Amino acid sequence: MKMKGAQIFFECLKREGVEVIFGFPGGSVLDIYHEMPKHDIRHILVRHEQGAAHMADGYARATGRVGVCLVTSGPGATNTVTGIATANMDSIPIVVFTGQVPTAMIGDDAFQEVDIIGITRPCTKHSYLVKDVNELARVIKEAFYLARTGRPGPIVVDLPKDVIQAQTEFRYPKKVDLPGYHPTLEAHGGQIKRAYQLIKKSRHPVIYAGGGVIHGDASEELLQFAEMIRAPVTSTLMGLGCFPAEIRDKKGKRSPHPLWLGMLGMHGTYEANMAVSNADLLLAVGARFDDRVTGKISGFAPKAKYIHIDVDPTSIGKTVEVHIPIVGDCKNALQKLIQTAEAEPVEGLEEARAPWLEQIGLWREAHPLRYAFDPQIIKPQYVVEKIHELSGGDAIITTEVGQNQMWAAQFYRFTRPRTFLSSGGLGTMGYGLPAAIGAQTAFPDRLVVDIAGDGSIQMNIQELMTAVCNCLPVKVAILRNQFLGMVRQWQELFYEKNYCGTCLADSSPDFVRLAEAYGAVGLRATKPEEVEPVIREAFAIKRPVLMDFLVSPAEGVYPMVPAGKSISEMLLT
Amino acid sequence: MENSSKHRHTIGILVQNVPGVLARIVTLFAGRDFNIENITAAETHEPGLTRITLVTTGDDHILSQIVKQLNKLINVIKVFDFRDTEFVDREMALIKVRAEAPTRAEVLRIVDIFRAKVVDVSPHFYTLEVTGNESKIAAIIELLDQIGIVEIARTGKAALARSKKH
Ligand SMILES: Cc1ncc(C[n+]2csc(CCOP(=O)(O)OP(=O)(O)O)c2C)c(N)n1
C-alpha cells in the first residue's frame, strides 16, 4: 500500500517504540501534524523549541531510550540548536526532526529556509537531509540506530515539505547498512589482562567514573568490581548516580558507602581530589578527562598509571596519555574485569587496602562538604539537603547551571543512575525545567525536581505552561540568591569583587505570582524554618509547583579549584 | 600532552559518496583547529565510494586525533594513516609560463627535463602540465618562476599505499 511521507514518519516512529514527541508546529511540518491524530503517539506541545530539545534530552537521560522532537523549518529549527549542542556534549540520544522548505526551493532563501544541517554539523553525531520519500524509512531507522548505539548522540533529520507529502510503498528496513559505522563494544581481552595486572599491583587505586557508565548501563558492574578490588570511587558530574553515595541497611537506615568519594574536579570533594592526586592507579571508566575535572593537566593524578575504558576511541589519549587504553562498552569491559578478578583474586586485599582507605578517611574528616547553618537566613545547601531528605533520596533531580547545579551535585546523595540530569559539557542555563518535564513525561508518578537559580530559571520558564497543560507535576526549587551566583563567585575571587552584570536584586519577577499566572502552584520560604514545610507541601501537591527560596546572596561553592590550578590546590572556604 | 615535533602527513580517506560528506570532513578540521594543507577528492572505481587524499600538519598526538576523529564520522569507511606505511603520492600542476622568443627554448628544456607536457600554446604563453611528487613540482616551479609564471593550478596530492592494499 502506498503511504504519504507523513504517515511513513509515524509508522517508523511506532516501530522504534516512540511513545512521545516533544514538538511545536509550523508550515513545513503541517502535513505531519495533520496526520498525528490518527496515531497513538503522545505529543507534548512545548512553548519554545529549545524546550522541546531539552525535554527530549531529559526523557532520554531518565529512561535510556531515544528522545524525539519535531519542529518546523527556519526559526523552529534554529531554536533547537542549543538543545542539540547540549545533548551532543553529554552524549545523549535524541532525534530532532526539522521541517524544511520543499526540495525545489532549497538554496533560494525561501521563507523560513535555513541550512539546519550545516548549522548543526559540528554539534550532532550525524544528520540527514531527506530528499526522496523513498529514503525516509531507511533514514529514520538509521537515525534511531545511530542515536542510541556506540557513543550515543543527537541526530538531526531534515524533512522537506514535498518529501513528507509524497507517496511511496512503505517498507521498514530490518537492518541498517552503515559500512563506516562499527563501534567497538567488545573490550580487548589482552588489554583487560594487562589492566588487571596493574590493578593487582596498585596500592592506591582510584576509580574515576563518568557518564559513560550510565549510558552503558554499567552501574551494577561498577559497584561489584569496586567492591571486589576495594577501590574507592569518584565520579564526574555526568557520572553522579552511577555509584551509590549511600547504602541502606535492612531497617532502611542510610549510611555513606565506604568506597564513595563524592564528585571530583573543580567543585569536587576534598577527599576525591586528594585521593586522585595521590593515587598510584587511576581506572577511568566512561569519562573523558574534561578540563573541569582535571584542572591543570600536569597536576592531575601525577603519580598514577592510567587505565582508560571508553567506547569512543577519540576520548582516549585526547588530553592525557594513557598507559592502558581499552576501547569498548563500559559494561562489557567491567564484566571482563570482574571475571578476571574472580579467577585471580588479590591476596591479602583487606590489609593491603587498609592504609589507603584510612588515609582517605582522614582527608574526609579533615574537610568534609559543609556549610555554616544560619538560623536567620536560608543557606542554599540546606535547601538541597532538605530536598534530599524529604524525597528519601529517590527523586529525579534536574538542575540549571551555576551554583545551584554544584550544590545539587554536592548535597543530594545520588544512589541510582539516571536520577541526576544536568547539562555538564555545555553548561546550558535553562536546561533544568524542560529536562524535568521530559523526565516526568516518562515517569508520571515519580518525584521530579528541578534545582534552579533565579537567573537560569527564566531562560525557559515558559515551559511551566507546558507542565501545567500536560498535567506534569514537576517541582522547581529556585535558590534565589539574587545574583548570577556562579559568575558572581568568580568576580568575587578573581575579578576584584566587581559585580558587573551579575546582580539580580529587585530585578526578578515575583516567582510565586508568576507560577500562579501559569496555573502552577507558587510557594515561598524566606526563613530557614519555612524550608521544610514548603518542601513537604510541594511534594504533596500533584501539580507543578514552583518553590521560591530566598537564600543567602553571598554563599560560595566550595571546595573550588581555581581555573589553571591542580586539583590538589583547592580553596576550601 | 607532550609535544613531539610537527610534521606534514598525508592521509587517505575512503568515504561514502553522499551529499555533505566533504563538508563534514572540512567542518571537523575547522572546528578542532586541525590544519588542511591540501585536499583532493574523486570517485573511485567502486560505485558510491569516493577517495580523498589530504595533507595536514601536526605532531603525532594531533595526527592520532585526526585519524580517530575521521574514523568517527559515520560516512567515513576507512582511513589510511600513512605514518607507518610506504606510499606513493603524485600531484599534477598546470603552469602558465611566459614564453617569448628569448625564453621559449629554456622553457622547453625544462619541460623535457621534468617530463612535463605543453598543453596549450599562445603567442606569449605556454601552459605546461607536470606530474610528480611534491619535490619535483616544487623544483619545476622554482625554475619556471625565474622565467615568469603567470598562473598555477595544482590538484593537490593523490596517494596510495605501496604494493598490497592495507
Ligand atoms: C545560556 C548560558 N548563558 C550564560 C552562562 C554563563 N553562566 C554560568 S553560571 C551562570 C549564573 C547562573 O545564575 P543562576 O541561574 O542564578 O544560578 P546560581 O549560580 O546563582 O545558582 C552564568 C550566567 C551559561 N552557563 N549558560
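A polar contact is taken here as a pair of N or O atoms within 3.5 Å; within protein, one must be able to donate a hydrogen and the other to accept it, and residues adjacent in sequence count only if both atoms are side-chain atoms. A polar side-chain atom of D454(A) lies 3.1 Å from one of the ligand's oxygen atoms. The backbone contributes too: a backbone N or O atom of N404(A) is 2.9 Å from an oxygen atom of the ligand, and a polar backbone atom of M429(A) is 3.4 Å from a ligand nitrogen. In total, 17 residues surround the ligand, counted as near if one of their heavy atoms lies within 4 Å of it. The closest are Q403(A), G427(A), G455(A), S456(A) and G485(A).

The structure is a predicted model, in which local features need pLDDT of at least 70 and side-chain atom pairs count only at pLDDT 80 or more, while totals for chains, interfaces and linings use all residues. Residues are numbered from 1 along each chain as its sequence is written, chains are lettered from A and ligands numbered from 1 in the order in which they are written, and side-chain values use heavy atoms, with hydrogens and water left out.

Chain A is divided into domain 1 (2–169), domain 2 (189–366) and domain 3 (380–550), with bounds that come from an automatic or database domain assignment. How far apart do the C-alpha centres of domain 2 and domain 3 of chain A lie? The separation is 30 Å. Across this boundary, 20 residues of domain 2 of chain A are in contact (heavy atoms within 4.5 Å) with 21 residues of domain 3 of chain A. The two domains bury about 1600 Å² between them, 59% of it on carbon and sulfur atoms; buried area is the accessible area (1.4 Å probe) that two parts lose on being put together, summed over both. L237(A), L240(A) and H267(A) supply 33% of the area that domain 2 of chain A buries against domain 3 of chain A, more than any other three residues.

Between these domains there is 1 salt bridge, defined as a side-chain nitrogen of Lys or Arg within 4 Å of a carboxyl oxygen of Asp or Glu. The side chains of E246(A) and R413(A) form a salt bridge at 3.3 Å, N to O.

Chain B meets chain A through 19 residues of chain B in contact with 21 residues of chain A. These chains bury about 1600 Å² between them, 55% of it on carbon and sulfur atoms. The interface has 1 salt bridge; K72(B) pairs in a salt bridge with D312(A), with the closest N and O atoms 2.7 Å apart. The rule also finds 7 residue pairs in polar contact between chain B and chain A, both residues at pLDDT 80 or more. On the side of chain B that touches chain A, at least two residues each come from α1 (21–31), α2 (60–72) and β4 (76–81) of chain B, where helices (H or I, at least four residues) and strands (E, at least two) are DSSP runs numbered from the N terminus. The most come from α2(B), with 6 residues.

Two backbone details complete the picture. Most residues other than glycine have a negative phi, and most peptide bonds are trans. K497(A), not a glycine, has a positive phi of about 55° and sits in the loop between α20 (485–494) and α21 (511–518) of chain A. Y558(A) and P559(A) are joined by a cis peptide bond, with omega about 0°, and P559(A) lies in the segment after β22 (545–550) of chain A.
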